[in-house]
Amino acid sequence: MIYHKKRKKLTRVFYILFIAILLIVGFKLAWHVGSSTVEFMPASSARVADNYKTLPAVPNHQETFRIVIDPGHGGKDPGATGVSGAYEKAFNLSLAGRVAALLEEDPMFEPLLTRTDDQFIELEERGAIANDGNADAFISIHGNTYTDPMVSGTETLYRNQDSIPLAQAVQTHLAQGIGLRDRGVKEEQLKVLGTPKMPAVLVEVGYLTNAEDEDFLLSDEGQDLAALAIVDGLRSYFLGSQELSLEHQETDDLDEKRSPDTTQSGIRSMEKKVYFNGSAKDGKQVALTFDDGPDAIVTPKILDILKENEIKATFFLLGDRAEAHPEIARRIVEEGHAIGNHSWSHPNFKELSMDEAMKQVMDTQEELNDIIGYRPSLFRPPYGALDEDMEKAIQSKDLAIVNWSVDTMDWSGVPAQEIMGIIREQLKPGGIILQHSANGKNHLANTIEALTLLIPDLKNQGYSFVTVPDLLHLPESQT
């Protein structure tokens, strides 16, 4: 009996020791695993390329998205030099850090910077960081540059088709958030966007060679607004990308079965979209557009050239100019061109109240209806500038908002050969080219000369010329 009791007692002791050992081992394993899954990229800890390969994968179904923020240039590559002499690489790094800090505060995101100091990183390596880190999006941040110091605005570039929704989301919020001219989204075969396997865009936040742009972008206020806008764009993309992709696919399927002339709902089904270009799937099509007319000098010359070459284009007219030159507006329609609304007197809509902005739009609609017999279905905001509330209000009037993918800058008086260079560099199938039919230097002699050059040039490249309604599969008029 005594031996039996001792054996039971020893058995309990060994059992307790065994449980204790298991608990200790389990605790150490849990601590080790936990320590290896620390935050993906807290900006304060400067997690960069040195340790990106050890980062664990996040399954796609989780509501956490890894974002690689790439401050462009760095080290021996300073990038652009601003009006003040500031280097672009410093601006890029500063803004990227602010974006990372905001993302770090949002449980929806896990950020990673490709660099946190003034170091040079090869373009391919920047994308490799995103790939090896299992990132969900890649954003390269830059300041823009141009030889003409008057050029201003923000634009977002993409390389692959699957990056277009991300580019549009970021561009929309950035243009609205910082108030610079909206230059739209554009396809560019950039090396830094060629390596990432996920949606990747390059944001040209503003022109450091423009004094006003640079002053704003180098300020704390400007960078805070830009960082917040980029994060809002990311949030909008990830919260709505699946729903928008499904909606757009359904719309594309329906559009293939319907005639644009009879599809008034074509505007409504895409009303949340601001158009910058058409689809490359339709072939090498291009739409020539002319803003700010009509007038009695430039517009007729443009119409003569288009008629001679049997080309149809789209004219975004101002209400007050149409009122002054109704015969030119009627000629545009009679010769088979499309017409769009470009406001009454070309103000910056971001400086107007809602009532003032809508009056600009609706007065022009009524004036054009009186002159040509219908109300256009297209609207192009002056300077491409609209805030979100005005955008929604205009779309609620069954107007499709159309900007552009190629800005020739013809209004500034740039030579015709430079206009041709811009078009050759920026135009892709489905592109919308912005030129003007009034209100430019030297009566837009450069525009007239460039038009005579670009028509044969683009024809030789296999492009066909279509109106914006044909390019976007939209009706020309409201019923």
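**The second largest pocket**

A: The lining of the second largest pocket has ten nonpolar, eight polar and six charged residues. Here Ala, Val, Leu, Ile, Met, Phe, Trp, Tyr, Cys and Pro count as nonpolar, Asp, Glu, Lys and Arg as charged, and the others, Gly among them, as polar. The model is predicted: local features need pLDDT of at least 70, side-chain atom pairs need 80 or more, and totals for chains, interfaces and linings use all residues. Residues are numbered from 1 along each chain as its sequence is written, and side-chain values use heavy atoms, without hydrogens or water.

The pocket's volume is about 660 Å³, taken as the space filled by probe spheres on grid points joined across faces, edges and corners. Its lining holds 24 residues. M150, S152, R181, Y383 and W411 lie nearest its centre. (On a 1 Å grid over the protein atoms alone, a pocket is an open set of points with protein on both sides within 12 Å along at least five of seven lines; a cavity is a set where a 1.4 Å probe fits but cannot get out; lining residues have an atom within 4 Å of a point.)

Helix 5 (211-217), strand 7 (285-293) and strand 13 (431-436) each give two or more residues to this lining. Helix 5 gives the largest share, four residues. Helices (H or I, at least four residues) and strands (E, at least two) are DSSP runs, numbered from the N terminus.

Now follow strand 7 onward. P294 sits in the loop between strand 7 and helix 8. The G293 to P294 peptide bond is cis, with omega near 5°. Most peptide bonds are trans.

Next comes helix 8 (residues 298-308). The axes of helix 8 and helix 14 (residues 445-460) come within 10 Å and cross at roughly 15°. Helix 8 is therefore roughly parallel to helix 14 (the class for angles under 35 degrees). Axes are lines fitted to C-alpha atoms over the stretch in contact, with angles from 0 to 180 degrees between N-to-C directions. The crossing is right-handed, with the near helix turned clockwise from the far one by less than a right angle. Helix 8 makes the contact through V298, K301, I302, I305 and L306. Helix 14 answers with I448, L451, T452 and I455. Contact means heavy atoms within 4.5 Å. By class, this contact has seven nonpolar, one polar and one charged residues.

Technical notes: Parallel < 35°, antiparallel > 145°, perpendicular 65-115°, else oblique.
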